Amino acid sequence: MTEVFIREPKMGDKEEFIAAMQRSQSLHHPWVKAPATPQEFDEYFQRYQKPNQKSFLVCDGFGSIVGVFNVSEIVRGLFQNVYLGFYAVADFSGKGYMSAGLKLVLEKVFRELKLHRIEANIQPENIQSIQLIKKNGFRYEGFSPRYLKIDNEWRGHEHWAMTHEDFIRDDADVLKKDHVDIVAYNSEWPTKASAEINRLKEVLPLSRIIDIQHVGSTAIPGMAAKPIVDIQIAVHSLEEMKVIAIPALQKLGYEYWYENPDPERMFFVKNMPPFGERRTHHAHIVEPTSKHWIGKINFRDYLVAHPEVAKEYQDLKIKLAQQYTYDREEYTNAKGEFVNKILKLMQQNVKN
């Protein structure tokens with residue numbers, strides 16, 4: 001794949017555009033009907049001359065049209081929203097051009113047009129399009145039946161969206177703000193944990209919850225820690241909670257880690273930059289048989305019962321926080337070695 005660039009369409013593109021769309025009709029059907037006649041191109045071109053509409057052609061390094069992104073119904077004021085539509089040219093489909101083009105379109109939307117939110121509505125059977133936007137950071141927001149009339153039929157669509165905060169979450173300044181910081185023990189941490197557990201019980205179905213516990217270093221009296229309250233929730237079915245928990249916890253200001261590679265856990269963060277000023281809570285949803293539920297509780301209880309080991313762990317965390325201040329993943333991996341050592345020791349003691 002050559003490098004790509006995006007540009008707005010010109011009347012001089014008519015012949016190439018129409019030929020590309022005619023070659024691509026089988027690829028587009030039944031998801032979208034792209035302009036494929038001179039009259040349809042003229043109507044398309046005129047529409048995207050309006051101030052609340054934008055269209056961007058994705059072109060390869062040779063200038064050939066390889067795809068189209070339409071940014072429609074720009075709304076300003078308190079909404080600052082836009083809708084995204086797109087279609088590839090068949091000759092170039094599946095080769096990475098659309099993903100590269102989407103990244104450039106998002107730069108336009110958030111940095112140049114300074115919008116806050118972009119939404120893509122896609123039929124659930126259109127797997128390739130869903131994979132494209134999911135890969136580029138869009139979040140699933142729900143499903144509406146009979147949402148749009150496509151190919152003379154009212155069809156249901158999934159709603160996928162990205163906000164400015166989603167877009168900048170990996171920027172260097174944001175990552176620096178979300179740094180590892182170890183502070184002295186705060187006697188209010190258990191109280192904050194109890195209050196948050198009550199809030200979680202208010203938004204989650206209690207019939208599906210087995211137990212909720214305060215875990216992590218803030219649950220160990222006297223221990224210096226990151227000022228983040230960790231709460232672990234045991235549920236009957238993790239698959240069931242994937243439908244229930246995400247919208248419920250969003251109401252409390254939690255962001256869900258969609259990219260989480262661990263199938264045994266759902267992980268949520270509250271007030272994480274850029275969605276907030278500083279992390280305040282982590283919520284872990286697991287089944288009670290998972291290594292997470294058993295391990296976190298056993299480790300917490302062991303450190304409470306063995307202050308000398310807790311002191312050793314605290315000293316390690318302070319050292320690692322200085323070494324990996326701006327790299328949370330490496331910090332977590334490094335302290336994980338100590339945690340695993342203690343858990344293995346506990347298993348050996350049980351066997352003996």
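Helices (H or I, at least four residues) and strands (E, at least two) are DSSP runs, numbered from the N terminus. The views show a predicted model, in which local features need pLDDT of at least 70, side-chain atom pairs count only at pLDDT 80 or more, and totals for chains, interfaces and linings use all residues. Residues are numbered from 1 along each chain as its sequence is written, and side-chain values use heavy atoms, with hydrogens and water left out.

**View 1. Cis peptide bond at P274 and the loop around it.** P274 lies in the loop between β11 (266-270) and β12 (281-286). The peptide bond from P273 to P274 is cis, with omega near 5 degrees. N271 is placed in the loop between β11 and β12 and has a positive phi of about 65 degrees, although it is not a glycine. With a relative accessible area of 28%, N271 is partly exposed (buried means under 20% relative accessible area, exposed over 50%, partly exposed in between; 1.4 Å probe, protein chains only).

**View 2. Cis peptide bond at P30.** The bond from H29 to P30 is cis, and its omega is near 0 degrees. P30 is found in the loop between α2 (25-28) and α3 (38-47). Most residues other than glycine have a negative phi, and most peptide bonds are trans.

**View 3. R146, a non-glycine residue with positive phi.** R146 belongs to strand β6 (residues 139-150). Its phi is near 50 degrees. R146 is exposed, at a relative accessible area of 60%.

**View 4. The largest nonpolar core.** A nonpolar core is a set of buried Ala, Val, Leu, Ile, Met, Phe, Trp, Tyr and Cys residues joined through side-chain atoms within 4.5 Å. The largest one has 50 residues, of which F17, M21, L84, I118 and F138 touch the most other members. Helix α4 (residues 97-112) gives the most to this core, with 7 residues. Leaving out residues up to four places away in sequence, I118 touches N81, V82, L84, L106, V109, F110, F138, W160, A161 and M162 (contact means heavy atoms within 4.5 Å). A second, separate core of 23 residues includes I246, M266, A283 and I285.

View 5. In α5 (residues 127-135), S129, I130, L132 and I133 are buried. Seen down the helix axis, the buried residues of α5 fall within an arc of 155 degrees, so they line one face of the helix; the arc is that of the directions from the helix axis to the C-beta atoms. These buried residues pack against β4 (81-88), α4, β5 (117-122) and β7 (153-163). Q131, K134 and K135 are exposed on the face turned away from the buried side of α5. Just after α5, G137 takes a positive phi of about 95 degrees.

View 6. On a 1 Å grid over the protein atoms alone, a cavity is a set of points where a 1.4 Å probe fits but cannot get out, and lining residues have an atom within 4 Å of a point. Grid points are joined across faces, edges and corners, and a volume is the space filled by probe spheres set on the points. A search of the whole structure finds 2 cavities of 30 Å³ or more.

Note on methods:
On a 1 Å grid over the protein atoms alone, a cavity is a set of points where a 1.4 Å probe fits but cannot get out, and a pocket is an open set with protein on both sides within 12 Å along at least five of seven lines; lining residues have an atom within 4 Å of a point.
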